[in-house]
Amino acid sequence: MKYAPPTMAMIEKIDKESSGAYVIERIDDRTCLVKENKADELKARVKTLMDKAMGVEDEEVADLDSDLD
Amino acid sequence: MTDSLQSWDYLEGLQGVELQKLYKSPPSALAIFRKLLSGLSKHFVMSMLYCPRPTPLTEFELMVKASRAKDRQMALDQLRRYHIVRETTLKSGKALSLVPDFARSLRRVLGGGGSGYTFGQVFSPPASQAVSVDDLDDYARQQWEGILGYMVGSSNLAELQQPGEELAPPSSSVIELLKAGSLVTVQGTVSRGQIPTITKDGFAFVLKDVSTQIWALLFLYVDNCDAFDMEKIEVLSFIFFVASLELGLAYSISTLTTKEKQMLQDLLGLGIIYQPDSNATFFYPTRLATTLTSSSTSAITTASQTLGSSLQPNSDLSAAHNTSPHQTPGSGFIIIETNFRLYAYTSSSLQIALLSLFIALRSRHPNMVTGKMTKQSVQRAIQVGITAEQIISYLSTHAHPQMKRYAAAELARNQARQIAINASSAGPNAEGATNAMLHLKVIPDTIMDQISLWQMERDRITSNAGFLLKDFTTNSEYQDVCRYADETGVLIWSDDKRRVFFVTRVEGVQSFIKERRVREQARMAF
């Protein structure tokens with residue numbers, strides 16, 4: 001997996017909380033080797049954590065259009 | 001996104017023994033030769049086909065320019081991967097020869113001989129049951145649209161559908177196949193009604209061309225053949241047999257085995273085969289079958305256009321908005337404005353359902369639907385696996401001729417402006433700037449950038465499935481192996497400082513490491 005350095009902190013946090021269920025080896029601060037069947041799950045957990053940290057709400061109101069709507 | 005749809009690479013996963021069994025069938029050997037091998041690999045095969053003795057590796061080096069050594073290596077690796085060649089050691093060095101079953105089958109295809117029914121027994125049906133090629137195309141299209149419509153959930157767009165537009169649902173065996181391939185998930189019960197939901201892989205599937213789609217489903221069928229008490233190789237051989245038949249001709253089922261007759265019924269549901277009724281003693285291959293193993297781009301394009309034509313907008317209706325005399329029906333129907341409003345001149349339920357995957361549809365008119373691309377609608381699609389590139393590619397491919405004309409005029413204006421600038425200040429930088437502006441951009445930059453930004457916002461991590469190689473004893477070993485991985489196209493990422501790299505396939509690299517170590521040991525001993 002490749003990502004920006006801040007994401008690494010989140011991945012490490014999730015992995016630590018899950019007793020090392022995801023990461024096989026950390027290569028550098030942008031790359032790590034994860035279990036193949038856990039990659040999608042890890043991505044989803046990072047996304048949830050990041051949205052929570054940034055205060056993004058899942059359901060956003062769709063842009064209304066003065067002509068179409 | 002990792003593309004988990006089965007493709008021809010599926011055959012790489014078969015064991016050598018299984019492939020040898022497959023090569024016993026001439027249609028299978030022909031299909032693999034035509035569809036799978038690169039031009040250079042084909043050339044190597046033909047050079048060995050009628051050669052009684054193994055060909056020394058040095059001869060392959062002479063066949064290809066030194067500057068194209070990488071291509072030669074890739075072609076030979078491909079032949080090894082599919083167990084088409086085997087290596088022997090001669091006094092003069094290593095040599096390659098074709099495996100006997102493959103060579104025998106390919107020679108039989110080229111020169112004739114063997115069983116009279118290798119490529120089926122042509123049947124003359126009674127005039128009342130004869131079917132034209134147009135009818136076969138209609139049948140195949142209906143079957144295929146039914147499958148795609150079921151996947152994208154066209155039935156869930158009832159409020160946007162008009163009477164008589166409902167697509168015929170696929171057979172239960174096809175639905176089981178879609179579920180087995182994780183292309184859809186189905187909720188509910190048979191008695192109370194089932195609602196299909198398209199998955200990430202399903203999204204990728206519906207946006208592929210017809211040929212890729214049909215093969216993905218066929219490889220799924222092969223993968224699940226155990227459930228029908230059949231062997232993979234039997235199924236693959238039969239598919240390649242069907243693919244070798246001629247469009248418009250009827251074939252007798254009397255030469256087929258019981259299992260093959262059973263497979264024939266399964267292929268009916270996919271629209272690959274047509275039978276007037278279940279008791280008929282003959283069948284017709286449709287265009288979906290006859291282009292399965294075609295290596296001709298024009299044949300595949302014709303099939304996609306013929307069978308995919310109703311995936312395009314209603315030609316009669318779109319013609320009303322077609323101002324170009326050279327415009328072919330169904331060549332484009334989407335207009336998207338820089339304010340993210342979208343107008344699609346189509347009445348196809350399937351197209352509308354596809355658009356609804358990433359567009360918030362607002363209204364439907366007799367020949368058009370309107371909608372708006374929003375952050376929510378795009379991110380909803382991205383969440384289930386569709387990529388920004390796929391959305392942009394779909395919009396560009398189906399852009400209305402008006403958008404294409406506007407883009408062409410804009411390009412011409414930019415070119416004229418650049419020529420004028422170059423004339424006044426000629427220089428290398430001006431040339432570079434000209435090239436950067438010479439791309440035809442059908443979709444406005446604002447739209448393309450925003451879709452990509454919406455994706456980047458969600459997709460902060462990239463992942464690749466593969467193997468990490470590390471702990472190389474020397475730097476030269478690392479450099480050699482890494483270079484080999486790069487030349488054979490399997491290298492994804494490397495870190496020279498740490499002497500680690502990541503590859504998508506490891507078999508070739510492992511062999512290279514072993515051979516290299518043997519060479520090094522021999523050199524040291526010497």
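I start with a definition: rings of Phe, Tyr and Trp, the last with its six-membered ring, pair if their centres lie within 6.5 Å, and planes under 30 degrees apart count as stacked, over 60 as edge-to-face and the rest as tilted. With that in hand, B:Phe123, B:Tyr139, B:Tyr274, B:Phe282 and B:Tyr284 form one aromatic cluster.

Some notes on the source. This is a predicted model, in which local features need pLDDT of at least 70 and side-chain atom pairs count only at pLDDT 80 or more, while totals for chains, interfaces and linings use all residues. Residues are numbered from 1 along each chain as its sequence is written, chains are lettered from A and ligands numbered from 1 in the order in which they are written, and side-chain values use heavy atoms, with hydrogens and water left out.

Back to the rings. Over all chains, the count comes to 16 aromatic pairs. One of them is B:Tyr23 with B:Phe102: the ring centres are 5.0 Å apart and the planes stand at 80°, so this pair is edge-to-face. B:Tyr23 belongs to helix H1 and B:Phe102 to helix H6 of chain B, so the pair ties together parts 79 residues apart in sequence. Helices here are DSSP runs of H or I with at least four residues, strands are runs of E with at least two, and both are numbered from the N terminus. Are B:Tyr23 and B:Phe102 buried or exposed? Both are buried; that word means under 20% relative accessible area, exposed means over 50%, and partly exposed lies in between, with a 1.4 Å probe and protein chains only.

Next, helix H2 of chain B, residues 26–36. Nine of its 11 residues are buried, so the rest of the structure largely encloses this helix. Among the buried ones are B:Pro26, B:Leu30, B:Phe33 and B:Leu36. Their cover includes H1, H3, H5, H6 and H11 of chain B, judged by contact, meaning heavy atoms within 4.5 Å.

H5 of chain B, residues 69–81, holds B:Asp77. At 13% relative accessibility, B:Asp77 counts as buried. Leaving aside residues up to four places away in sequence, B:Asp77 touches B:Tyr484 and B:Thr488.

H11 of chain B, residues 232–243, also packs against H10, residues 210–223, at an angle of about 150°, and the axes are 9 Å apart. Axes are lines fitted to C-alpha atoms, for helices over the stretch in contact, and angles run from 0 to 180 degrees between N-to-C directions. That makes H10(B) roughly antiparallel to H11(B); the cut-offs are under 35 degrees for roughly parallel, over 145 for roughly antiparallel, 65 to 115 for roughly perpendicular, and oblique for the rest. The residues in contact include B:Trp215 and B:Phe219 of H10(B), and B:Leu236 and B:Phe240 of H11(B).

Now the sheets. Two strands pair if DSSP finds at least two bridges between them. One open sheet has three strands in the order E1-E3-E2 of chain B, with antiparallel pairing. E1 and E2 are its edge strands, each pairing on one side only. Helix H3 of chain B, residues 39–49, packs on this sheet and touches E1, E2 and E3, with its direction at about 90° to that of E3(B). How many bridges join E2 and E3 of chain B? There are six, between residues 85–90 and residues 93–98. Within this pairing, B:Arg86 has B:Ser97 as its bridge partner, and B:Glu87 stands opposite B:Leu96. Two residues make the hairpin link from E2(B) to E3(B).

The other open sheet has four strands, ordered E4-E7-E9-E8 in chain B, again with antiparallel pairing. E4 and E8 stand at the edges with a single partner strand each, so one side of each has no neighbour in the sheet. E4(B) is joined to E7, residues 250–252, by two bridges. B:Phe123, from the aromatic cluster, has B:Ala250 as its bridge partner in E7(B).

Last, two backbone angles. Most residues other than glycine have a negative phi. B:His83 is not a glycine, yet its phi is positive at about 55°. B:His83 sits in the loop between H5 and E2 of chain B and is partly exposed, at 31%. B:Asp471 also has a positive phi, near 60°. Its place is the loop between strand E14 and helix H22 of chain B, and B:Asp471 is exposed, at 64%.
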